[in-house]
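Reader: I would like to learn how to read the features of a model such as this one. Please take them one by one, with the general idea before the case.

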Amino acid sequence: MKKGLGLILMLAAVAVGFGYLYFGPEDSPHGSPGSFLGTRPVETVHIRYGSEKKGLLDDPELQSFLRKEFHLQVDGAKMGSLEMSAGNLNGLDALWPSSDLAALLFAVRHPSVSFKKHNIFSTPMVFYSWPAVVEALEGAGVVQRRENAYRVLDLKALLDLMAAKRSWKSLGLPYQAGQVSFRCTDPAKSNSGFLVAGLLAIVMNDGAMVDEVALSRHMPRVAEIFKSMGYMEESSGILFDKYVKQGQGVFPLVANYESLMVEFYQANPGSREQIRNTILVLVPEPTVWSEHPLIALTAKGARLMEALQHPTVQKLAWERFGFRSGAAAIGAEAAVYKELGLAGRIQSATVLPSMEIMERILGALHS
């Protein structure tokens, strides 16, 4: 009996050894390095990412997909897009900012670092407001319905109201304190505020691209608008959360990512009717797109980049979190967009000024 058991154990050991020699550590049956039993270990990818992607990265379905299909799990640190490329990169596999300009800034800050970059998806900048405020802005000719499906905001008309120092009360809002204004994040730390700063300069320049001469003419007004905001949040997610919780009195009008509304709506199925009737989305004309490029610094970062482009991930990001991306975003007529009164197609958008001009804007805002 003992001899029989010993023979079985010996044959098992030979089979395992043969499998290892035949497949090798890199070519085991499931592509699992060093795995004799064909079970590839899950590796951790260390990244920095923009706050608006936290919900997606925390999603159990995404995490399960990354583990099962790509043998990856993400260990991320939430950080402003313009901050994440500063400082030491040791131990990082990837950065995931919310702007291609942030990726360009990374390249400027780290000219000797080799990396790969690919835009995973995009989301437009929109304004969030409340029914009474929107009604007042409609009466002032700043907001109008488009195709009876969504609302657009004439950004130049809004800036004209602000330049004239019109009060909310003068628009028919007797209990809304202060002058007509909006809030956004700190452009030196958060990409959404950074995009707004560039967009304002373009709108003030009558839609023409901003050069150094135009910037010198419009920069004082841009700086005045940001100064009037007072304290600015460092995170788009935090700003949206405060807008929702603190309400119209503190935040009558806020510039932020469209995707945050879709994520909030999908995450609160029991409150959807209230959300639809209370939180209104205004598409500025023109608007600007926020891109979300992944910057892969290592082989693991490159694997994460590949995983995030998979149709399963793209579909999840689109339907549950509102990130528009290629073929997945063709379904812009999806029910959630119709329910929320969002634009199926963004009809008026502009590109931002050059990196040199944007850096000058940031310098002027924080001089």
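Reader: In which sense do strand S1 and strand S2 pair, and over how many bridges?

Author: A word on the source comes before the answer. This is a predicted model, in which local features need pLDDT of at least 70 and side-chain atom pairs count only at pLDDT 80 or more, while totals for chains, interfaces and linings use all residues. Residues are numbered from 1 along each chain as its sequence is written, and side-chain values use heavy atoms, with hydrogens and water left out. Helices (H or I, at least four residues) and strands (E, at least two) are DSSP runs, numbered from the N terminus. Two strands pair if DSSP finds at least two bridges between them. S1 (residues 43–49) and S2 (residues 72–78) pair in the parallel sense, over 7 bridges. Within this pairing, Arg-48 stands opposite Ala-77 in S2.

Reader: How many bridges join S1 to strand S3?

Author: In a regular strand the side chains alternate between the two faces of the sheet. S1 is joined to S3 (residues 94–96) by 3 bridges, and the two run parallel. Here Tyr-49 stands opposite Trp-96 in S3.

Reader: Which strands run antiparallel and are joined by 4 bridges?

Author: Those are S5 (residues 143–146) and S6 (residues 150–154). The bridge partner of Arg-146 in S6 is Tyr-150. S5 and S6 form a hairpin with 3 residues between them, and Glu-147 in the turn has a positive phi of about 55°.

Reader: Is the peptide bond from Glu-285 to Pro-286 cis or trans?

Author: That bond is cis, with omega near 0°. Pro-286 lies in the loop between strand S8 (280–285) and strand S9 (287–296).

Reader: How do I read a helix pair, and at what angle do helix H9 and helix H10 cross?

Author: Axes are lines fitted to C-alpha atoms, for helices over the stretch in contact, and angles run from 0 to 180 degrees between N-to-C directions. The axes of H9 (residues 236–246) and H10 (residues 259–267) come within 11 Å and cross at roughly 60°. Angles under 35 degrees count as roughly parallel, over 145 as roughly antiparallel, 65 to 115 as roughly perpendicular and the rest as oblique. H9 and H10 are therefore oblique to each other. A crossing is left-handed if the near helix is turned anticlockwise from the far one by less than a right angle, and right-handed if clockwise; H9 passes H10 in a right-handed crossing.

Reader: Which residues of H9 and H10 meet?

Author: Contact means heavy atoms within 4.5 Å. On the H9 side there are Ser-236, Phe-240 and Val-244, which meet Leu-260, Met-261 and Phe-264 in H10. The residues of this contact divide into 5 nonpolar, 1 polar and no charged. In that scheme Ala, Val, Leu, Ile, Met, Phe, Trp, Tyr, Cys and Pro count as nonpolar, Asp, Glu, Lys and Arg as charged, and the others, Gly among them, as polar.

Reader: How far apart are the axes of helix H8 and helix H15?

Author: The axes of H8 (residues 212–228) and H15 (residues 355–365) are 10 Å apart, and the helices pack at an angle of about 40°. H8 and H15 are therefore oblique to each other, and their crossing is right-handed. Among the residues in contact are Met-219 and Phe-226 in H8, and Ile-357 and Arg-360 in H15. The contact divides into 9 nonpolar, no polar and 2 charged residues.

Reader: At what angle do helix H7 and H8 pack?

Author: H7 (residues 191–204) and H8 pack at about 140°, with their axes 10 Å apart. That makes H7 oblique to H8. The crossing of H7 and H8 is right-handed.

Reader: How many salt bridges does the structure hold?

Author: Side chains of opposite charge can pair when their charged atoms come close. A salt bridge is a side-chain nitrogen of Lys or Arg within 4 Å of a carboxyl oxygen of Asp or Glu. The structure holds 17 salt bridges. One of them joins the side chains of Asp-93 and Lys-300 (3.9 Å, N to O). This pair links distant parts of the chain, 207 residues apart: Asp-93 in the loop between S2 and S3, and Lys-300 in helix H12 (residues 299–308).
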